[in-house]
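Q: I have a new model open and would like to learn how to read it. Where do I begin?

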Amino acid sequence: MTIAVLRPGLLMSVQDRGRHGLQHVGLCPGGAMDVVSLTVANALVGNPEDAAAIEITVLGPDLHFERDTLVALAGADFEASIPCNRPVLVPAGTQVSITRALRGARAYLAVAGGIDVPPVLGSRSTFMPGRFGGLHGRVLKRGDRLPLVQDAERLSRERFAALKRKRGNAVPWSLPPPTVPDREPIVLHAIEGEHFAHFDATTQRAFFDTVWKIGAESNRMGFRLLGATLERASEEEVLSGPTTLGSVQVPANGTPIALMADHQTTGGYPRIAEIASADVPRLAQLGPNGTLHFARCGLDMAAELRRDLRSRLEPALRAIAWEYGK
Amino acid sequence: MARATRPQALIPLGDCAVYIEFSRTLDLEVNALVQRLARAVHARALPWLRDVVPALGGLALHFDPDHEALGGKPLESAVALVEECLKQGLPKEGGAARTIEVPVCYEPQYAADLDEVAKLTRVPAAEIGALHSAREHRVLMIGFAPGHAYMGGLDPKLAVPRRSSPRPVVAAGSVAIANEQTVIYPYAISGGWSIIGCTPLKVFDAERAEPSLFAPGDRVRFRPISRAEFERLAAA
């Protein structure tokens, strides 16, 4: 049983929560850019949180479903032939068209049982730079057939039948993930980076005062931030060192880059800031030209932000479990 | 200069990782200590630790900051862990360190920058391979791309700066030098180091049980091979 790609979206790939424990050999965890929306999408179809889904970016695909399939499109609000952020039973032989993101940039299409590509190094995520994982290690294209688990149709029907409230092939409620922005610029909390002091006071202020715009050459590895040129005051050589998800590094041209899911694990550019981990999934919801600014934050505040995010996500997951009668 | 055998700085890498710095400059002995420390930390297999990444001058620990074992104090726990490993004594150098033999063809068709390196270093092009492979190299850090190892131990006679403009695409397996170090490109990517040869080995293969040919701390021996042997090994 498969889902056929009739028309691919802009940048569509299979992603799960990523592969961990290999950063010492230079492999970043990768996985979903907005892991919160992935979690909600999986919960909406009754999947465990580590199931693989389809990551859809800005422009969506046309997909053909062979059999009855329980799906959920969660994350950015997409103009689509199915309603967003809720379980939907797509009948056999149906085409689902997902057009464009109206708010936010990325959504996850989860299906009952998950996308059943073979795991590579413990994950089904596509790592495009290394050409492995997902479907043939690459972005999805026209004519691709995404494998589902063998009993996906039975799972789909059983799970949909278990839902308490239904209206036709969907439900009368929806659960938008808390990472999709209501307005821009969004505020991202940032901790001072290792090389913050390499920049003078004016440049440090500019970092926090500028409304940054996501540049067109942004991808799953990193977002280029346009709005100001950050010049280093210090000539001190920076020894190549570790980086992480959300590191903001400043290459010699002064245009900062925020490291995203498929980032390098080490780098030789000065790091001016590190984005609070709870805010990274919200950054993933900005498309090209999306805007943001940085608010200074410490480790206590970053911990507070993680607690906030959990306190919004956990009741939502409990509510979904309740709708499934669990 | 007194060598740093204890952490010199504790640098939060966001709220899910910390970099424990031993040296701000590259010191091969400090790096060797970092490699042994990384092995000791890794061996503890702590449930809150996600990644243990030895770097040139220190060790990065990536963790789950909300893991119950940390009691809300990840930085304190990370430091305590490192202090404890240092106090208990680190594993001996010899024990775990492997020696990896890497066949390299240094002939001009695989070494786009051979003439330029010859000009810069005044080492004749035909002798560069012999000089490069005469010494033992060490993996100081893996980063930039999966399996992309930064190796120290380059003969200072071959020291060249990074190229002023990086090549947009460097072939997989290219052996390149800069800053008294050697790297091997795992797949075709852009790169700014001077290419002096190529290996038929795959330095990273996600389908292998051990995807990376190199591990941090490995000793590396380069073995010069002919073009014919390169082609034979590449086809195998």
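Predicted model: local features only at pLDDT ≥ 70, side-chain atom pairs only at ≥ 80, totals over all residues.

Q: How is the size of an interface given, as a general idea?
A: The size of an interface is often given as the accessible area lost when the parts come together. Here, chain A and chain B bury about 3000 Å² between them. Carbon and sulfur atoms account for 61% of that area. In chain A, the residues that lose the most area to chain B are His24(A), Leu239(A) and Pro242(A). Together they make up 20% of what that side buries.

Q: How many residues of chain A and chain B are in contact?
A: On one side, 35 residues of chain A take part, and they touch 42 residues of chain B.

Q: How many salt bridges and polar contacts are there between chain A and chain B?
A: Three salt bridges cross the interface. One pair that forms a salt bridge is Arg306(A) with Asp66(B), whose closest N and O atoms are 2.8 Å apart. For polar contacts, the count is nine residue pairs.

Q: Which elements give two or more residues to the side of chain A that touches chain B?
A: Strand 12 (241-242), strand 16 (271-275) and helix 5 (299-323) of chain A do. Helix 5 of chain A gives the most, with four residues. By type, the residues on this side of chain A are 15 nonpolar, 14 polar and six charged.

Q: Now a helix. How do I read its sides?
A: Start with the general idea. An α-helix has 3.6 residues a turn, so residues three or four places apart point the same way. Now look at helix 3 (residues 201-209) of chain A. Its buried residues are Thr203(A), Gln204(A), Phe207(A) and Phe208(A). These four lie on the same side of helix 3 of chain A because they cover an arc of only 140 degrees around the axis.

Q: Which residues of helix 3 of chain A are exposed on the other side?
A: Thr202(A), Arg205(A) and Asp209(A) are.

Q: What covers the buried residues of helix 3 of chain A?
A: Several strands of chain A do, including strand 9 (186-192), strand 10 (212-214) and strand 13 (247-249). Strand 16 and strand 17 (291-296) of chain A are also among them.

Q: Why does Gln204(A) count as buried?
A: The cut-off is under 20% relative accessible area. Gln204(A) has 17%, so it is buried. Leaving aside neighbours within four places in sequence, Gln204(A) is in contact with Phe196(A), Ala197(A) and Phe199(A).

Q: How do I read a salt bridge?
A: A search of the whole structure finds 39 salt bridges over all chains. Take Asp151(A), in the loop between strand 8 (145-147) and helix 2 (152-162) of chain A. Asp151(A) forms a salt bridge with Arg154(A), with the closest N and O atoms 2.6 Å apart. Asp151(A) is partly exposed at 31%, and Arg154(A) is partly exposed at 43%.

Q: Where do Arg167(B) and Asp113(B) lie in chain B?
A: Their side chains meet in a salt bridge (2.8 Å, N to O). Arg167(B) is in strand 8 (residues 167-170) of chain B, and Asp113(B) is in the loop between strand 5 (99-105) and helix 4 (114-121). The pair links distant parts of the chain, 54 residues apart. Arg167(B) is partly exposed at 22%, whereas Asp113(B) is buried at 2%.

Q: Which residues are linked in a network of salt bridges?
A: Arg67(A), Asp68(A), Glu153(A) and Arg157(A) are.

Technical notes
Residues numbered from 1 in each chain as written. Chains lettered and ligands numbered in written order. Heavy atoms only, no water. Contact = heavy atoms within 4.5 Å. Buried area = accessible area lost by both parts, 1.4 Å probe. Salt bridge = Lys/Arg side-chain N within 4 Å of Asp/Glu carboxyl O. Polar contact = N/O pair within 3.5 Å; in protein donor to acceptor, adjacent residues only side chain to side chain. Nonpolar A, V, L, I, M, F, W, Y, C, P; charged D, E, K, R; others polar. Buried < 20%, exposed > 50% of the residue type's maximum accessible area, 1.4 Å probe, protein only. Arc of directions from axis to C-beta.
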